[in-house]
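The stops below follow the salt bridges.

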Amino acid sequence: MKVIPNNLFFSEIEKILSAGENVSITVKGRSMTPLLRSGRDVVVLSSADEKSLAVGQIVLFRYNDRHLLHRIIKIDAEKLVIQGDGVRSTEIATRADVIGVVVAIIRKSGKKITLPNRWENLYFRLWLLLKPFRRYLLTTYRRLNRFISNNIRS
């Protein structure tokens, strides 16, 4: 199995998106838990129109020489405040840092969820309201998942 360095991988993703084509990538990492699950969910990205970026959108963006897939939680002129659903820290980016916008999520089962939709919007609004409790909710979610996966393998 050949491993491609992230910078080369995302360079190709940027080229494809800038050509106006959509790209599907498997989610890696837990920063968008519980909405997106690492190694199980696939996101479909479309090129980002800097003018149409909106609060609540999940975007692929450049940040400190890395590429992250997080959600826009606030927009101030050119600055975007972005945060993963599963993390407490935020990132500040510009509209120009955004490479792509998630237009669909494909679950492991094959079910395709087109974004934006009212259920995902409701999830986002509820998740914002639960911000003071998010740390505890995520800890409980991760422990429950670990418990379930350990007992299924047994």
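Is D76 buried, exposed or partly exposed? With a relative accessibility of 41%, D76 counts as partly exposed; buried means under 20% relative accessible area, exposed over 50%, and partly exposed in between, with a 1.4 Å probe and protein chains only.

This is a predicted model, in which local features need pLDDT of at least 70, side-chain atom pairs count only at pLDDT 80 or more, and totals for chains, interfaces and linings use all residues. Residues are numbered from 1 along each chain as its sequence is written, and side-chain values use heavy atoms, with hydrogens and water left out.

The term stands for a side-chain nitrogen of Lys or Arg within 4 Å of a carboxyl oxygen of Asp or Glu. K74 is also partly exposed, at 42%. The structure holds 8 salt bridges.

Next select R71 and E120, whose closest N and O atoms are 2.7 Å apart in a salt bridge. This pair links distant parts of the chain, 49 residues apart: R71 is in strand β4 (residues 66-76) and E120 in helix α2 (residues 118-129). Helices (H or I, at least four residues) and strands (E, at least two) are DSSP runs, numbered from the N terminus. R71 is buried at 1% relative accessible area, and E120 is buried at 10%.

Move to E78 and R95, a salt bridge of 3.8 Å, N to O. E78 lies in the loop between β4 and β5 (79-83) and R95 in the loop between β6 (91-94) and β7 (98-106), so the pair ties together parts 17 residues apart in sequence. E78 is partly exposed at 46%, whereas R95 is buried at 14%.

Finally, select R37, D41 and R107, which salt bridges with shared partners join into one network.
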